Amino acid sequence: MARADVWHPLAGRRSRGRVAPGCGFLALGRAGLYTSQPNVQIPENKPVTLSCSYSGYSSPRVEWKFAHGDTTSLVCYSNKITASYADRVIFSPSGITFKSVTRKDSGVYTCMVSDADGNNYEEINIHLTVLVPPSKPTISIPSSATIGSRTVLTCSEPDGSPSSTYTWFKDGVKMPEDPKTSRAFSNSSYNLNPKTGELVFEPLSASDSGQYSCTASNGYGPDTKSEAVNMEAAELNVGGIVAAVLVTLILLGLLIFGAWFAYHRGYFDRKSPGPGSKKVIYSQPSARSEGEFKQTSSFLV
């Protein structure tokens, strides 16, 4: 057995002990902690007990915490199940028992035992995997697959626990992870990741056209298979792109010419009077007798 340091959060120090392979942590001295199953697998909706036995504690205080990814929650505090687990978990000096587990209960459980005075502290981790068979996977294929481009196909299913691994098929033939190991796929250039389900063509070739399907498996329950999806590798339509550019340029030229023609024909006002400009009105004087003059209207309005 190998020696190991354990952090003592209550006393602010590490205690010295031994690690028993496959059996959790055993402390030297008067306090000891032990689990009979550091790795537990159980089908969903079944009861399960996570064992945590201890000895040598005068007044043991037991706590359990649960960690899954970035989420951590307290299952038991000071020998009592917390409110969020009270309806489905039972505490005992030898461990905690779930009445029925769900896939969300998969994760790492840590049993922590200390004396009330803080003189001893030990902890062990128990990995719980709730077994759920994989559901039917689905395939995602890009709407346009152009020869010479990078093309990504994905196969996924959300339910399997532990996480599923994926196998790809083209026209009913299993695709190897390395295409160069198979004569049937030697002309293809792709990367296949069984854990993520990604199939990446880089670059896509004309020979990659075909019917694609995939299977999901996680070692629990039967493998599941997706529907076959057709992928057609198309040539890049250079002629269509050139034609579209020419049509755009012609339309732009016609628009510019139309604007120039309308301007020179006077359809656009070259200068509009400002709001403060004055209007001059001239009226022809009426016939009067010679030598008689009288202003009849204003010149400025």
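Buried means under 20% relative accessible area, exposed means over 50%, and partly exposed is anything in between (1.4 Å probe, protein chains only). Keep that in mind while you click around. This is a predicted model, where local features need pLDDT of at least 70 and side-chain atom pairs count only at pLDDT 80 or more, while totals for chains, interfaces and linings use all residues. Residues are numbered from 1 along each chain as its sequence is written, and side-chain values use heavy atoms, with hydrogens and water left out.

**Stop 1**

Select Asp-171. With a relative accessible area of 49%, Asp-171 is partly exposed. You'll find Asp-171 in the loop between S17 and strand S18 (173-174). Strand labels come from DSSP runs numbered from the N terminus: helices are H or I with at least four residues, strands are E with at least two. Check the backbone here: phi of Asp-171 is positive, near 55 degrees, and the residue isn't a glycine.

Now jump to Asn-79, in the loop between strand S9 (71-77) and strand S10 (80-81). Asn-79 isn't a glycine either, and its phi is positive at about 70 degrees. Its relative accessibility is 31%, so Asn-79 counts as partly exposed.

**Stop 2: the cysteines**

Show the cysteine side chains. How many disulfides does a search of the whole structure find? There are 2, where a disulfide is a pair of cysteine sulfur atoms within 2.5 Å.

Start with Cys-52 and Cys-111, whose sulfur atoms are 1.9 Å apart in a disulfide. The torsion about this S-S bond is about -75 degrees, so the Cys-52 and Cys-111 link is left-handed. Cys-52 sits in the loop between strand S6 (48-51) and strand S7 (53-55), and Cys-111 is in strand S13 (residues 107-115), so the bond ties together parts that are 59 residues apart in sequence. Cys-52 is buried at a relative accessible area of 1%, and Cys-111 is buried at 0% relative accessibility.

Next, pick Cys-155 and Cys-214, a disulfide with its sulfur atoms 1.9 Å apart. Left-handed or right-handed? The torsion about the S-S bond is 75 degrees, and the Cys-155 and Cys-214 link is right-handed. This pair links distant parts of the chain: Cys-155 in strand S16 and Cys-214 in strand S21, 59 residues apart. Both Cys-155 and Cys-214 are buried.

If you number the bonded cysteines of the protein chain in sequence order, the pairing reads 1-2, 3-4. Cys-76 is in no disulfide, and the nearest cysteine sulfur, that of Cys-111, is 8.5 Å away. Cys-76 is buried, with a relative accessible area of 0%.

**Stop 3: Tyr-190 and its neighbours**

Centre the view on Tyr-190, in strand S19 (residues 190-193). At 5% relative accessibility, Tyr-190 counts as buried. Which residues does Tyr-190 touch, not counting residues up to four places away in sequence? They are Met-175, Pro-176, Glu-177, Pro-179, Phe-185, Leu-199, Val-200 and Phe-201, with contact meaning heavy atoms within 4.5 Å.

A polar atom of the Tyr-190 side chain lies 2.7 Å from the backbone oxygen of Pro-176. Tyr-190 and Val-200 are 10 residues apart in sequence, and their C-alpha atoms are 5.3 Å apart.

Rings of Phe, Tyr and Trp (its six-membered ring) pair if their centres lie within 6.5 Å; planes under 30 degrees apart are stacked, over 60 edge-to-face, and the rest tilted. By this rule the count comes to 6 aromatic pairs. In one of them, Tyr-190 and Phe-201 have ring centres 5.8 Å apart and planes at 65 degrees, so the pair is edge-to-face.

**Stop 4**

Select Lys-225 and Phe-169. The charged end of Lys-225 sits over the ring of Phe-169, 5.4 Å from the ring centre. To count, NZ of Lys or CZ of Arg must be within 6 Å of the ring centre and within 35 degrees of the ring normal.

Finish with the prolines. The peptide bond from Ser-161 to Pro-162 is cis, with omega near 0 degrees, and Pro-162 is in the loop between strand S16 (151-156) and strand S17 (165-170). The bond from Glu-202 to Pro-203 is cis too, with omega near 5 degrees. Look for Pro-203 in the loop between S20 and strand S21 (210-217).

Methods: A polar contact is a pair of N or O atoms within 3.5 Å; within protein, one must be able to donate a hydrogen and the other to accept it, and residues adjacent in sequence count only if both atoms are side-chain atoms.
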